[in-house]
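Please look through the sequence and the structure shown here before reading on.

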Amino acid sequence: MNQSQSSYRCDDELFLLNRATVHRYKNSLKSCSNVTSNIILQEAWEANTKLFTKNTDQILDMTKELLKDTTYNGNQSWSSSLSKLPDPSLLLEESLPQCKCMNIYNLQTNKTKILWPTECTCNDFPKSNKSEASYFKQMYSENSSQDSNTGDDTKQFKPKFSRIRPKKATPVQKNVPDPSQKVFDGDMDKPCVSTDVEMVDEDKAHKSQVAKITFKTAKETLLASNPAARRTLGASRKAQAKFVSPMLGAQEKPEVNEPVVTDERLKHIDPKMIELIESEIIDKGTPIGWEDIAGLQEAKNVIQEAVVWPLLRPDIFTGLRRPPRGVLLFGPPGTGKTLIGKCVAAQCRATFFSISASSLTSKWIGDGEKMVRALFAVARCHQPAVIFIDEIDSLLSQRGDGEHEASRRIKTEFLVQFDGAATGEDDRILIIGATNRPQELDEAARRRLVKRLYIPLPDFDARKQIIMNLLKNESHSLSAAHVADCARLTEGYSGADMKSLCSEAAMGPVRAVPLALIATIDTAKVRPVNVQDFNIALQRVRPSVSQDDLTQYIKWNSTYGHGF
Ligand SMILES: Nc1ncnc2c1ncn2[C@@H]1O[C@H](COP(=O)(O)OP(=O)(O)OP(=O)(O)O)[C@@H](O)[C@H]1O
């Protein structure tokens, strides 16, 4: 008896597998593809079909043979040598190659109880010294030798490309399936229904589809994503033909259109510069109100009277009431000069051009004066307009012998444009210059910036207001008295210093949160900012303006500044 075989069940179907194949089959189930397991089952089925047919024929032949030999014994009874035959079911059983634990097989009239390989406990898988591969080969040769004389005893398992097919809700049953054509469909819970022919066709289709998806030459990839490249790859181009770039997406790229300039006043200006000014220099930040600027009441009054109202009502402010076209804001850094410029633009409903003089001189080296011309031309098209020039001292510094030619030309162009804007009756352009070094300004520029307003450090009330404004949207436990104390302790701080102080204090509650909780803590559980946080912040944030600097501003203000 061949002890190296067992049976395997796929629902109602019975497969007989030799032990090595069962072992191999079990292993194949661990892999993510069902290709190997399909092959094993298909081949086992074919081998077993032949085995069954052969054994059944043998039993029938023997029975017929014995029935011929019946005798009448004279006692009104017939005897037959059929009884000498072994039980046909045992004969069938013997034909079933089984393992040593076959005693647990329960053979009942040609019905074989199915034994799952996992149920087999005899562990009699041959401990062959041969490698598993050669063992399989041997086992397979044994089976094939019973096969028709093909002479091919080294029949190999040909790998089949197959996918794990999704479970179908209702398997498509094609009449009564022919067992000889059954294949296992990869689903252990379902009977197999596909035929060999179908599977081969499907495999072929799948293979070619996989090949199509996976393998593409560089040319195919390019053509798939950019069909226009077909004209340039391998095709001859006529001498007059336009060059077509084979680069990906080159054909889709819209041609870069030069900005269309419609305004007559801009026709001599480089369109790229116009675009640059409109995109980079026009400030579209949040509008600022007068209440956002703490203190500086006198400066605010002068600006309203001299700048805002005339821009709003140009009809009233004519003749002697004609407003100044240039304003200089000077004072220590961080005192709100830029804030005032933005506030003016917002209050006049004017277009706000914000430019730093150093960027004019460095960003467009060699083109600085063209840029200045373009700036004024664009501002004329967006009237009323406010041109805010930060660090105006570096643009309009005192002229000297060692001065660079480019910077001299920018300066000259600026003054020319300034005069044009100042004298043009219809022009409503205001220049606001801001500087921390008013003493370095060129005399000609100083004269043109008629209103020179000193923007000092915030006083006690202004500091209080800055703290209150900044704490407005924060959770805090500071009383009015605490805020006043804090304002008293910050004498000499600029507006920007006050902002730094409040930011530092606001970090106190966050620093109090244990490090492990910082990523998860609920915002509501972070404690409010308290006076202790401000006391700590006061030790860390110091004023940025020195007393000496302040003395110089006061001196320059008394000489050139607008007296309040
Ligand atoms: N008077 C003020 N009221 C409210 N906030 C102020 C005031 N002054 C300064 N600040 C705060 O300081 C920040 C810096 O102010 P701003 O840029 O206007 O100063 P600046 O005078 O233009 O400085 P710099 O001369 O260095 O350019 C502002 O964003 C604002 O938060």
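How are H17 and H18 oriented to each other: parallel, antiparallel, perpendicular or oblique? Before the answer, two remarks on the model are needed. Residues are numbered from 1 along each chain as its sequence is written. The model is predicted, and local features need pLDDT of at least 70, while side-chain atom pairs count only at pLDDT 80 or more and totals for chains, interfaces and linings use all residues.

Helices and strands are DSSP runs numbered from the N terminus, with helices being H or I of at least four residues and strands being E of at least two. The axes of helix H17 (residues 495-512) and helix H18 (residues 531-540) come within 8 Å and cross at roughly 130°, where axes are lines fitted to C-alpha atoms, for helices over the stretch in contact, and angles run from 0 to 180 degrees between N-to-C directions. H17 and H18 are therefore oblique to each other, given that angles under 35 degrees count as roughly parallel, over 145 as roughly antiparallel, 65 to 115 as roughly perpendicular and the rest as oblique. The crossing of H17 and H18 is right-handed, a term that applies if the near helix is turned clockwise from the far one by less than a right angle, left-handed being the anticlockwise case. In this contact, Leu501, Glu504, Ala505, Gly508 and Pro509 of H17 meet Asp533, Phe534, Ile536, Ala537, Leu538 and Arg540 of H18, two residues being in contact if their C-beta atoms, placed from the backbone, lie within 7 Å. By class, the contact of H17 with H18 has seven nonpolar, one polar and three charged residues (Ala, Val, Leu, Ile, Met, Phe, Trp, Tyr, Cys and Pro count as nonpolar, Asp, Glu, Lys and Arg as charged, and the others, Gly among them, as polar).

H9 in turn packs with helix H8 (residues 297-312), their axes coming within 11 Å and crossing at roughly 40°. H8 and H9 are therefore oblique to each other, and H8 passes H9 in a right-handed crossing. Ala299, Ile303, Val307 and Val308 of H8 and Ile340, Val344 and Gln347 of H9 make the contact.

Two details of the backbone remain. Leucine 296, in the loop between helix H7 (271-281) and H8, has a positive phi near 50°. A cis peptide bond, with omega about -10°, joins glutamine 383 and proline 384.
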